[in-house]
Amino acid sequence: MELPELTILSSQMRKEIVGKRISKVEVANPKCLNMSFEQFQKTVIGKTIKSVESRGKWIFIELGSHLLLFNPGMGADVIHFKSHDKLPEKYQIRFTLDDETGFTIRVWWFCYLHLMPENKLDEHKLTAKLGITPLDERFTSDYFKQLLSKKRGNIKSFLLDQKNIAGIGNVYVQDILFNAKLHPKRKIPSLTDKEIDALHKSIKSVINESIKLGGLAYEKDFYGNKGSYGAKQFKIAYKPGQPCPTCQTTIQKIKTGSTSSFICPNCQSPDK
Ligand SMILES: [Zn+2]
């Protein structure tokens, strides 16, 4: 789940749960908490949900004195239920609200469900240094240039580092770089203004296009519906061996540090 999926999920959650009070909570994987389950339960029960916002790969749920910070890790189904709905077969976390509606969370691998006092939010190491998201109105081309001007590494690592920009992961980054004709290993100081502008434009267009289509085709929203951004929308991502849509050169899968990258070796030259 990256920015488009979490933006959609948080806006649907906002509609359904804001203004309601938490009456019951279950957590079968207490390792995701930053305190004991007993302490967690004691703090959240009876609290009214004030707001739900996404920040990159995190969802911030405001409970007045505290914030609930959720990160789905490698992916999770966060599914709304009404009082008589059949619950999903498997889930680890369940919040029930005072009108008997609520939501369950099924996590694929790990997640974070951290509770922080509002006045100590800046002590939460995982979120305190998050960058702004590409949907933020402050994310202008000038802002992006300014951000890049202080960096020396390669462009893909920069884009994936949530401290720089929040919300881009290894799925969307592939076509984001392809659209801007940039090899993932291009060093930041070698980028021209024109290339940075193309990259800025590509980030916005890929993220916005996916939001318009309901997010990734294999991720579920709050109502259990899958998005429709998939193979048809991907240009080179997850298409090794297929022809590049621009020049027909065969798309390659390469290793870039700890992640895999898909590139067109003709459109995205490493030596510039
Ligand atoms: Zn190409």
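The model is a predicted one, and residue numbers count from 1 along each chain.

A search of the whole structure finds 13 aromatic pairs. One of them joins Phe95 and Phe103, whose rings are stacked, with 5.0 Å from centre to centre and 20° between the planes. Phe95 has a relative accessibility of 2% and therefore counts as buried. Phe103, with a relative accessible area of 3%, is buried as well.

Another pair brings together Phe144 and Phe158. Here the arrangement is tilted, the centres being 6.3 Å apart and the planes 55° apart. Phe144 belongs to helix α4 (residues 141-149) and Phe158 to helix α5 (residues 155-160), so this contact ties together parts that are 14 residues apart in sequence. Both Phe144 and Phe158 are buried.

Attention now turns to the metal. Four cysteines, Cys244, Cys247, Cys264 and Cys267, coordinate the zinc ion through their SG atoms, at 2.2 to 2.4 Å. The angles among the four donor atoms run from 100 to 113°, and the site is tetrahedral. Along the sequence, the donor residues follow the spacing C-x2-C-x16-C-x2-C. Cys247 sits in the loop between α7 (193-212) and β9 (252-256), while Cys267 sits in the segment after β10 (259-263), so this pair ties together parts that are 20 residues apart in sequence. What of their exposure to the surroundings? Cys247 counts as partly exposed because its relative accessibility is 26%, whereas Cys267 counts as buried because its relative accessibility is 13%; the cut-off for buried is under 20% relative accessible area.

Met74, Trp108, Trp109 and Phe110 make a nonpolar surface patch of about 520 Å². Among these residues, Phe110 is found in the loop between β7 (102-107) and β8 (112-117).

Conventions:
This is a predicted model: local features need pLDDT of at least 70, side-chain atom pairs count only at pLDDT 80 or more; totals for chains, interfaces and linings use all residues. Side-chain values use heavy atoms; hydrogens and water are left out. Rings of Phe, Tyr and Trp (its six-membered ring) pair if their centres lie within 6.5 Å; planes under 30 degrees apart count as stacked, over 60 as edge-to-face and the rest as tilted. Buried means under 20% relative accessible area, exposed over 50%, partly exposed in between (1.4 Å probe, protein chains only). Helices (H or I, at least four residues) and strands (E, at least two) are DSSP runs, numbered from the N terminus. Donors are N, O and S atoms within 2.8 Å of the metal (3.2 Å for Na, K and Ca); water is not among the atoms, so sites may look incomplete. Four donors count as tetrahedral if all angles lie between 85 and 135 degrees; four count as square planar and six as octahedral if opposite donors are over 155 degrees apart and all others between 65 and 115; anything else is irregular. Patches are made of residues with over 30% relative accessible area and no salt bridge: like charges are joined within 9 Å, nonpolar side chains (Val, Leu, Ile, Met, Phe, Trp, Tyr) within 5 Å. Accessible areas come from the Shrake-Rupley method with a 1.4 Å probe; for residues, only the protein chains shown count as cover. A salt bridge is a side-chain nitrogen of Lys or Arg within 4 Å of a carboxyl oxygen of Asp or Glu.
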